[in-house]
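Biologist: I'd like to go through this one with you, feature by feature. Where shall we start?

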Amino acid sequence: MESRLRELIERHRETGGNIISLLQDTQEAFGYIPRDAVMLFSRELGIAASRFYGVATFYAQFRLKPVGRHKVTACCGTACHVRGADRIISGIQRELHLAGEQDTTDDGLITLDKVACLGFCSFAPVVLVDGAVHGKATTDIAIREIKNLRKKI
Amino acid sequence: MIIRVCMGPAGIAAGGKQVLDAFNAELGRTQVAAKVLENCSSHQVGCLGLCARDVLVEVHRDGTKTVYQYVKPDMVARIVQEHLIGGKVVKDWLVDAAYDSFYRKQVKVVLADCGRIDPESIDAYESVKGYEAARDVLASRTPEEIIEEIKMSGLRGRGGAGFPTGLKWELGRKAKSDVKYIICNADEGDPGAFMDRAVIEGSPHAVIEGMIIGAYAIQAGHGYVYIRAEYPLAVERLRMALDQARSRGYLGKGIFRSKFDFDIKIKLGAGAFVCGEETALIASIEGQRGMPRPKPPFPVNKGLWQKPTVINNVETLANIPHIIRNGCGWYAGFGTERSRGTKVFALTGKIKNPGLIEVPMGITLREIIEEIGGGIESGKPFKAVQTGGPSGGCIPASMMDITMDYEALAKAGSIVGSGGMIVLDADDCMVNVAKYFVQFTQAESCGKCVPCRVGTKRLLETLERITSGKGSPNDIELLEELSGGIKSLSLCGLGQTAPNPVLSTIKYFRDEYDAHIRDRKCPAKVCKGLLTYSIDAAKCKACGSCLKACPSGAVSGEKKKPHKIDPAKCVRCGACFDVCKFGAVERE
Amino acid sequence: MAMVTITINGKALTVPDNLTVMEAANRHGIAIPNLCRHPQLTPFGGCRLCVVEVKGLPRPIASCTTPVTEGMEVTTMTPRLEEHRRFVLELILSDHPNDCMTCQATGSCQLQELAYTYGVKGERYPGERRIYSKRDGNPFIERDLEKCILCGRCVKICDEVQGVEAIDFGYRGFKAKITTPFEDDLDCEFCGQCVSVCPTGALTGKLWKGKGRYEGVRETETVCPYCGTGCNITVHARNNEIIRISSKPWAWNEGLLCVKGRFGYPFVKSPERLTKPLIRRASGNFEETSWTAALEYVSAWLKKIREERGPDAIGGLSSARCTNEENYLFQKLLRAGVGTNNVDHCARL
């Protein structure tokens with residue numbers, strides 16, 4: 001991990017260390033933002049760790065905990081909302097046994113990502129399973145796809 | 001013979017790949033000599049056509065084009081057999097008349113090239129007169145001339161606020177500094193708007209050309225495109241286009257063989273709606289938390305890195321080359337007195353033909369809904385259209401002849417905004433729609449100022465109370481009071497407009513609020529907390545799925561006997577209703 | 001610097017054009033309520049209490065961030081503005097513990113004072129309140145985030161004045177909070193600058209708890225004994241016990257202190273503290289003595305050494321805790337009295 005982080009630091013040192021870009025690259029590399037990465041960046045680039053944490057918790061894109069290897073993405077855009085995205089999401093949560101704010105299954109395999117509009121509005125509601133788009137989705141379709149995913153894991 | 005299968009994002013979502021494979025397999029099996037091509041393949045543009053009817057398949061045979069809709073892999077064999085081999089069109093699956101009316105009322109300026117040219121090829125763009133405007137501007141026109149041209153065209157910012165673009169550029173031109181920036185705002189955050197994505201995916205060079213012209217007009221040497229990371233294809237296309245433009249000398253030092261230097265960088269947004277606000281966007285490009293700061297100073301005087309900065313939206317910039325090429329008079333010929341030109345709308349919701357449409361400003365809502373949109377999908381009555389997303393409001397069915405322009409919409413309590421249009425029918429609860437938008441703005445509030453941080457929370461809580469059957473008679477007054485304070489006192493546009501969806505639904509659908517509060521009923525049967533659930537014994541097949549789904553143990557029943565719901569235990573989550581395959585669960 | 005003429009509440013004023021509306025008003029004795037503005041820090045514009053009306057503008061503007069412009073007509077007090085301020089206070093208090101009875105900051109709380117002035121109880125918009133159960137385990141600073149109003153003063157003073165950046169805004173919207181990296185316990189210099197500018201009871205000294213607020217508290221202005229900087233401090237004492245140290249913003253050190261000056265006072269009543277001189281006797285034990293005896297003892301030895309080994313056999317090391325004047329006298333003693341240049345100071349590293 002250390003060597004990859006060093007690489008990132010060198011790449012960003014020249015540009016003056018843009019916190020957002022640095023965190024984006026880190027998440028790209030590790031799937032989330034490890035604490036050690038922030039601490040190392042802070043030491044090496046002379047930017048306070050509090051700034052990194054402030055930025056990381058502000059933007060929806062950043063995750064401070066590892067994500068599941070598989071991702072179910074539910075669009076919460078308006079078009080999806082009026083076509084029942086809520087019901088689908090609660091169906092997925094039931095299927096994945098996710099309680100409250102929990103977004104990753106207990107076994108750490110599947111993460112449910114609720115995202116703002118993906119721009120598939122004409123196919124609302126939309127659910128993505130590992131990037132594959134399922135348009136005009138229903139709770140049944142979503143659950144079926146998750147079951148298929150489980151079989152493959 | 002050529003077969004074209006729609007492989008745009010919507011086409012793929014509808015199973016375009018499977019249909020494509022099925023054609024290839026079927027043609028191989030039957031040994032028919034036909035070529036299978038992908039429509040929108042390299043284009044993969046957003047929903048510009050009737051993507052709602054995907055998978056659309058075009059069959060070109062004997063010089064005529066036939067279009068089939070809703071094609072599924074199992075329909076392929078018959079199309080091949082009857083049409084390709086037999087020469088007889090499969091009438092059952094043809095697109096219907098709506099396919100034509102969808103196109104008739106539209107005027108495509110910004111979207112003209114989207115889907116028509118290969119967005120990944122600079123040659124393709126130049127073949128449709130691309131970069132002619134920029135070349136001409138750099139060779140023979142002064143910044144002042146350009147600014148005058150844009151002012152005369154009447155173009156106003158397409159991102160939401162509708163500020164005159166020419167005026168903004170003039171202020172940028174007048175700002176004194178050796179370093180200036182032009183930023184393209186592609187942080188399209190309105191849930192239900194995706195025109196910026198489509199424009200960048202469909203014609204990235206048009207945006208770049210618009211930026212070059214803008215940069216020259218204000219004399220900015222550096223440009224940024226701030227774009228959502230959630231749009232990977234758009235980012236990729238843009239990156240490719242920038243490289244191509246650079247290699248032709250359209251970006252970099254001495255562009256178009258002039259003495260003017262200009263280059264563009266891409267900055268990825270990290271997921272914050274508030275970063276559509278100019279000062280927050282600037283903070284975000286600088287790598288900071290996207291918290292807006294008070295204006296003045298305005299970005300045009302003190303923007304990115306404290307330097308004069310002009311920020312234009314994607315659609316605005318994509319209009320520029322067309323205006324320069326065709327003249328301001330041509331552009332001003334579209335639209336109304338004060339709202340000139342065309343506007344792209346993302347027509348979604350309960351409409352028959354959802355998708356991106358481009359229409360002259362001033363078209364009526366009726367024309368959009370009935371002629372372009374093909375009416376309500378379900379056949380139920382049209383109730384309202386929500387425009388402008390979380391900062392906008394709704395227009396009720398009774399105002400269907402309203403013209404779509406900045407002034408008329410503002411007068412009706414809504415806005416053009418970035419152009420989201422969510423069509424709502426009788427099955428939509430307006431209180432719930434208001435709640436949805438407040439939920440959105442509340443979650444996207446940066447938290448800096450009190451009215452937005454705490455005020456929208458209280459607004460949301462009040463709406464939640466109302467929609468869960470705990471509303472009290474003075475809640476409407478409370479909503480209005482909170483809304484008034486939030487609007488007047490919030491620091492930035494997000495907070496100042498956040499109450500709009502609430503105020504406009506109260507204005508036009510007060511009866512629905514009353515029904516929720518006084519009668520404890522949701523007329524559209526959307527608000528779960530106001531519904532009571534029961535099982536129709538005649539329809540119940542005793543499959544047990546509702547029993548399993550119920551989180552509170554309210555459902556009881558034995559095998560082969562109709563199940564029952566105990567209202568005392570029911571938490572009204574609606575899980576039973578969702579899982580029942582036989583329509584046996586009823587809600588009232 | 002150019003001057004501009006503006007009117008505030010009908011009064012024409014000529015002020016430098018680099019001022020904000022609030023600064024211009026304050027200079028002419030017109031106070032505008034606020035919670036996030038602090039003269040030592042850059043303006044924030046978040047609390048929205050300082051809104052004023054400017055003729056020709058459709059909505060009220062924040063006076064703390066708006067620069068004055070020629071001909072501006074400002075009104076700072078109208079029934080509508082008062083209504084706005086009440087609205088903001090109602091919202092703040094709706095998300096506040098309102099436990100002033102037991103709050104350390106009572107009496108020195110700006111939020112409490114404004115609520116009192118405007119007669120706002122925070123009952124108008126009831127709703128969810130932020131609950132943070134985790135207590136920060138650092139030894140000096142009590143961080144009660146439920147009382148935090150997100151004015152950002154602590155973040156700014158830590159960054160702009162102290163240059164430490166130990167804290168920042170985290171999260172957003174209603175969940176926004178001031179946080180350390182990864183929400184660890186605060187780990188900084190503990191200068192307590194943040195505590196000194198907090199307008200509520202969100203940041204207080206851990207040592208202060210239960211020791212006294214106003215009633216029976218005597219304040220004494222003095223100088224910090226810790227080092228030669230000589231910061232002006234205010235010693236708060238009750239029942240003859242120091243219960244808190246603070247510093248006035250108008251002191252030459254502008255209210256800024258270090259961890260020792262602000263929180264390092266318990267030594268005063270430490271049983272280990274030496275209050276009388278001790279002399280080590282031949283037995284090896286220390287014996288209490290008087291100052292006169294102690295000084296005589298030292299001077300006798302200095303004389304003896306100088307006579308037997310010469311003045312350069314003696315050297316003196318002074319302390320950074322002494323003032324400049326004391327250090328001057330010390331080198332004078334060594335140079336003129338003893339006759340050596342062997343003199344140095346512990347801060348000269």
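Modeller: With strand pairing: two strands count as paired if DSSP finds at least two bridges between them. Keep in mind that this is a predicted model.

Biologist: Fine. How many bridges join strand 9 of chain B to strand 10 of chain B, and do they run parallel or antiparallel?

Modeller: In general, strands of a sheet pair through backbone hydrogen bonds, either parallel or antiparallel. In this case, strands 9 and 10 of chain B run antiparallel, joined by six bridges. One pair to click on is B:Lys343 with its bridge partner B:Val359, which sits in strand 10. The two strands make a hairpin, with five residues between them.

Biologist: And how many residues of strand 10 of chain B are buried?

Modeller: For that, count neighbours: a residue is buried if 20 or more other C-beta atoms lie within 10 Å of its own. Strand 10 of chain B, residues 355–360, is mostly covered, with six of its six residues buried.

Biologist: Now helix 15 of chain B. Which of its residues are buried?

Modeller: Helix 15 spans residues 365–372 of chain B, and its buried residues are B:Leu365, B:Ile368, B:Ile369 and B:Ile372. They lie on the same side of helix 15 of chain B, because the arc they cover around the axis is only 120°.

Biologist: Let's turn to the contact between chains. How many residues does it take from chain B and from chain A?

Modeller: An interface is often sized by the accessible area lost when the parts come together. Here we have residue counts: 34 residues from chain A and 41 residues from chain B. On the chain B side, at least two residues each come from helix 1 (9–13), strand 9 (342–349), strand 13 (420–425) and helix 23 (575–579). Helix 1 of chain B gives the largest share, four residues. By class, the chain B side has 21 nonpolar, 14 polar and six charged residues.

Biologist: What about chain A itself: into which domains is it divided?

Modeller: Domain 1 (2–58) and domain 2 (70–152). The C-alpha centres of these two domains of chain A lie 30 Å apart.

Biologist: In what order do the five strands of the open sheet in chain C run?

Modeller: The order is 2-1-5-3-4, with mixed pairing. Strand 2 (11–16) and strand 4 (61–62) of chain C are the edges, each pairing on one side only. Strand 1 (residues 3–8) of chain C pairs with strand 2 in the antiparallel sense, over six bridges. There, C:Thr5 has C:Thr14 of strand 2 as its bridge partner.

Conventions:
Residues numbered from 1 in each chain as written. Chains lettered and ligands numbered in written order. Predicted model: local features only at pLDDT ≥ 70, side-chain atom pairs only at ≥ 80, totals over all residues. Contact = placed C-beta atoms within 7 Å. Nonpolar A, V, L, I, M, F, W, Y, C, P; charged D, E, K, R; others polar. Buried ≥ 20, exposed ≤ 12 C-beta atoms within 10 Å, placed from the backbone. Domains from an automatic or database assignment. Arc of directions from axis to C-beta.
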